[in-house]
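Please read the following briefing beside the sequence and the 3D view. It moves from the whole chain to single residues.

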Amino acid sequence: MKSERPIVLLTAVGWLAVAILLVAMGSLLGFLLVKGVPALNVSLFFGDTPVKEALFGGRPVWDGIWPACVGTLYLVCLTVALALFPGIGCGIYLAEYAGPRQKQWLGCAIDVLAGIPSIVMGLFGFTLILFLRYTFFPQANTGLLLAAVCLALLVLPSVVLTSREALTALPEELRLTCSALGFSRRERLRYVLLPAASRGILGGIVLAFGRAAEDTAVILLTGVVANAGLANGIFDKFQALPFTIYYTAAQYQTQEELQRGFGAALVLLLLAGSLLLGAYAIEKTYRLRWKKGVL
């Protein structure tokens, strides 16, 4: 009986922690829904601009969050495109090819990069532009590409670490079976290990999506502005939902403006949830195809 008391106590503490977490999340989501749902309408996105003209770029939208939504999508897609292949490739190298010395040094570098605060990464991007402007490229300026590069460096460690852990967590019997069947290292990696580790690798990609969509400190110093309209290229200034929410919360003058800020926060939450569900659907389809032997 005495030996069971610590287990019962730990179980009770665990359930209490889960309950506190659920209550906190429910309260936060409930508050956001109460404040944000009334603001979800066409004017929140497009203001007084006709929807058709706003969607096709016929007229700029200055009093809605449509440019911020598009800018956030541009930023997230460009960030993940820059971080995806180097991150997964580095994770594969650490898990399958690197020796003990390479694992030690690369792992240390990745850990240091993962510990860099986002504001420091933003300062790095801003300093890089100043360096380029006064040395090689006088026309260098902050913009969408610079923000995406800095965010890619920020989310790269999560992609690398989750890819490495997903591959190293696979049972060694799987590798031995592939060797017994005559698979080369490349075939083993392509047809067996990567599909089996796809769920863990996708977790890192989802984290990269979420971090790129919600970070404000980096983009604050690398090209985001309050009113820029739709970005015409990767070197232009841009708008993003996190900065729009931050700017509205700091500068609002009426309750209507504050309510639009809550609406923008709810839209950002829905966007992040949609990316998560989309990634889960892709991962599920990929695993089903792998189990059926289609890959």
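Of the contacts in the protein with a separation of 6 or more, 71% are between residues 24 or more positions apart, where contact means heavy atoms within 4.5 Å. This is a predicted model, in which local features need pLDDT of at least 70 and side-chain atom pairs count only at pLDDT 80 or more, while totals for chains, interfaces and linings use all residues. Residues are numbered from 1 along each chain as its sequence is written, and side-chain values use heavy atoms, with hydrogens and water left out.

**Overall architecture**

- The protein has 13 helices and zero strands, where helices (H or I, at least four residues) and strands (E, at least two) are DSSP runs numbered from the N terminus.
- Along the principal axes, the C-alpha atoms of the protein fill a box of roughly 65 × 65 × 40 Å.
- Of the 295 residues of the protein, 36% count as buried; buried means under 20% relative accessible area, exposed means over 50%, and partly exposed lies in between (1.4 Å probe, protein chains only).
- The accessible surface of the protein comes to about 17,300 Å², and carbon and sulfur atoms hold 68% of that surface; these areas come from the Shrake-Rupley method with a 1.4 Å probe, and for residues only the protein chains shown count as cover.

**Charges**

- The protein carries 23 positive and 16 negative side chains, and the centres of the two sets lie 8 Å apart.
- In this count Lys and Arg are positive and Asp and Glu negative, while His and the chain ends are not counted; the place of a charge is taken as NZ of Lys, CZ of Arg, CG of Asp or CD of Glu.

**Cysteines**

- A disulfide is counted as a pair of cysteine sulfur atoms within 2.5 Å, and by this rule the count comes to zero disulfides.
- Cys90 is in no disulfide, since the nearest cysteine sulfur, that of Cys108, is 13 Å away; Cys90 is buried, with a relative accessible area of 18%.
- Cys150 is likewise in no disulfide, and the nearest cysteine sulfur, that of Cys77, is 18 Å away; at 1% relative accessibility, Cys150 counts as buried.

**Two loop residues on either side of α11**

- Asp215 sits in the loop between α10 (198–214) and α11 (217–220), where, at 4% relative accessibility, Asp215 counts as buried.
- The side chain of Asp215 reaches the backbone nitrogen of Ala217 at 3.2 Å and the backbone nitrogen of Val218 at 3.0 Å; these are polar contacts, a term for a pair of N or O atoms within 3.5 Å of which, within protein, one must be able to donate a hydrogen and the other to accept it, with residues adjacent in sequence counted only if both atoms are side-chain atoms.
- Leaving aside residues up to four places away in sequence, Asp215 touches Ser118, Leu151, Leu154 and Pro242.
- Thr222 lies in the loop between α11 and α12 (241–251), and Thr222 is buried with a relative accessible area of 0%.
- Not counting residues up to four places away in sequence, the residues that Thr222 touches include Gly122, Gly125, Phe126, Thr142 and Cys150.

- Asn141 belongs to the loop between α6 (118–133) and α7, and Asn141 is partly exposed, with a relative accessible area of 43%.
- The side chain of Asn141 makes a polar contact with the side chain of Arg133 (3.3 Å), and another polar contact, of 3.5 Å, joins the side chains of Asn141 and Thr142.
- Apart from residues up to four places away in sequence, Asn141 touches Ile129, Arg133 and Lys237.
- Asn141 and Gly182 are 41 residues apart in sequence and 54 Å apart in space, C-alpha to C-alpha.

- Ala166 is found in helix α7 (residues 144–168) and, at 13% relative accessibility, counts as buried.
- Ala166 touches Ala197, Gly200 and Ile201, not counting residues up to four places away in sequence, whereas Ala166 and Gly71, 95 residues apart in sequence, are 32 Å apart in space, C-alpha to C-alpha.
- Gly58 is placed in the loop between α3 (51–55) and α4 (66–97) and counts as exposed, at 58% relative accessibility.
- Gly58 and Gly203 are 145 residues apart in sequence and 39 Å apart in space, C-alpha to C-alpha.
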